[in-house]
Amino acid sequence: MVSIMKELTKILICDDDDLLRGTLVEYLMSSKFGIENFSNPKLFLDTSPKLDEYKLVITDKDMPNMKGTEFAKYLRNNGYKNPIIIMSGEFDDAIINAYRKELESSGLNNFYLYSKGFGISELIS
């Protein structure tokens with residue numbers, strides 16, 4: 001785990017892809033966001049975090065130990081109300097839309113599902 005605190009919004013990133021996670025951390029830090037990042041949600045949850053400290057959670061959909069979709073549901077079931085971005089390595093729009101419908105039908109709200117091909121600058125807009 002790496003904790004980097006800056007003066008503005010605190011963001012949590014969980015992704016098992018070290019290169020992508022590192023890229024997100026660098027980009028968001030350069031935009032003056034406070035970042036905490038973990039290679040999987042279980043490592044984050046082991047720290048007994050205060051969920052309301054995070055203004056945004058960015059998580060991979062498929063990770064070992066706990067899927068990003070399970071993590072998003074856990075966050076919602078434990079009172080986290082801020083946006084969640086779930087990233088998928090899938091690029092087929094039909095599959096992405098099927099994931100989105102599955103998440104919505106499970107009761108998950110206030111989330112965004114992106115293919116990992118999105119532009120990083122989209123995150124801060």
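Tutor: pLDDT is the predictor's confidence in each residue, from 0 to 100. Keep that in mind, since this is a predicted model.

Student: What pLDDT does the chain average?

Tutor: The chain averages a pLDDT of 82. A score of at least 70 is reached by 86% of the residues. Residues 1–7 fall below 50. Beyond near neighbours in sequence, that stretch has 20 contacts in the model.

Student: How many helices and strands does the secondary structure come to?

Tutor: There are 4 helices and 6 strands. Along the sequence they follow the pattern β-β-α-β-α-β-α-β-α-β.

Student: What share of the 125 residues is buried?

Tutor: Buried residues make up 40% of the chain. Now consider contacts with a separation of 6 or more: 71% of them join residues 24 or more positions apart.

Student: Take Ile 86. Which residues is Ile 86 in contact with, leaving aside neighbours within four places in sequence?

Tutor: Its partners are Thr 59, Lys 61, Ala 72, Leu 103, Leu 108, Phe 111, Tyr 112, Leu 113 and Tyr 114.

Student: Now helix 3. How should I read a helix with a buried side?

Tutor: An α-helix has 3.6 residues a turn, so residues three or four places apart point the same way. In helix 3, the buried residues are Gly 68, Thr 69, Phe 71, Ala 72, Leu 75 and Arg 76. Seen down the helix 3 axis, they fall within an arc of 160 degrees, so they line one face.

Student: What do the buried residues of helix 3 pack against?

Tutor: They pack against strand 2, helix 2, strand 4, strand 5, helix 4 and strand 6.

Student: Which residue with a positive phi follows helix 3?

Tutor: Gly 79 does, with phi near 90 degrees. Gly 79 lies in the loop between helix 3 and strand 5. Its relative accessibility is 41%, so Gly 79 counts as partly exposed. Gly 79 and Leu 51 are 28 residues apart in sequence, with their C-alpha atoms 7.9 Å apart in space.

Student: Which residues have a positive phi although they are not glycine?

Tutor: Ser 48 has a phi of about 50 degrees. Asn 65 has one of about 75 degrees. Ser 48 is in the loop between helix 2 and strand 4. Asn 65 is in the loop between strand 4 and helix 3.

Student: Is Ser 48 buried or exposed? And is Asn 65 buried or exposed?

Tutor: The cut-off for exposed is over 50% relative accessible area. Ser 48 is at 62%, so Ser 48 is exposed. Asn 65 is at 56%, so Asn 65 is exposed too.

Student: Next, the rings. How many aromatic pairs does the structure hold?

Tutor: It holds 3. Planes over 60 degrees apart count as edge-to-face. Phe 38 and Phe 44 have ring centres 5.4 Å apart and planes at 65 degrees, so their pair is edge-to-face. Phe 44 and Tyr 54 have centres 5.5 Å apart and planes at 80 degrees, so that pair is edge-to-face as well.

Student: Which parts does the pair of Phe 44 and Tyr 54 tie together?

Tutor: Phe 44 lies in helix 2 (residues 41–45), and Tyr 54 in the loop between helix 2 and strand 4 (56–60), so the pair ties together parts 10 residues apart in sequence.

Student: Which residues form the aromatic cluster?

Tutor: Phe 38, Phe 44, Tyr 54 and Phe 71 form one cluster.

Student: Which ring has the charged end of Lys 61 over it?

Tutor: The ring of Tyr 99. The charged end of Lys 61 is 3.8 Å from the centre of that ring.

Technical notes
Residues are numbered from 1 along each chain as its sequence is written. This is a predicted model: local features need pLDDT of at least 70, side-chain atom pairs count only at pLDDT 80 or more; totals for chains, interfaces and linings use all residues. Side-chain values use heavy atoms; hydrogens and water are left out. Rings of Phe, Tyr and Trp (its six-membered ring) pair if their centres lie within 6.5 Å; planes under 30 degrees apart count as stacked, over 60 as edge-to-face and the rest as tilted. Helices (H or I, at least four residues) and strands (E, at least two) are DSSP runs, numbered from the N terminus. A charge sits over a ring if NZ of Lys or CZ of Arg is within 6 Å of the ring centre and within 35 degrees of the ring normal. Contact means heavy atoms within 4.5 Å. Buried means under 20% relative accessible area, exposed over 50%, partly exposed in between (1.4 Å probe, protein chains only). The arc is that of the directions from the helix axis to the C-beta atoms.
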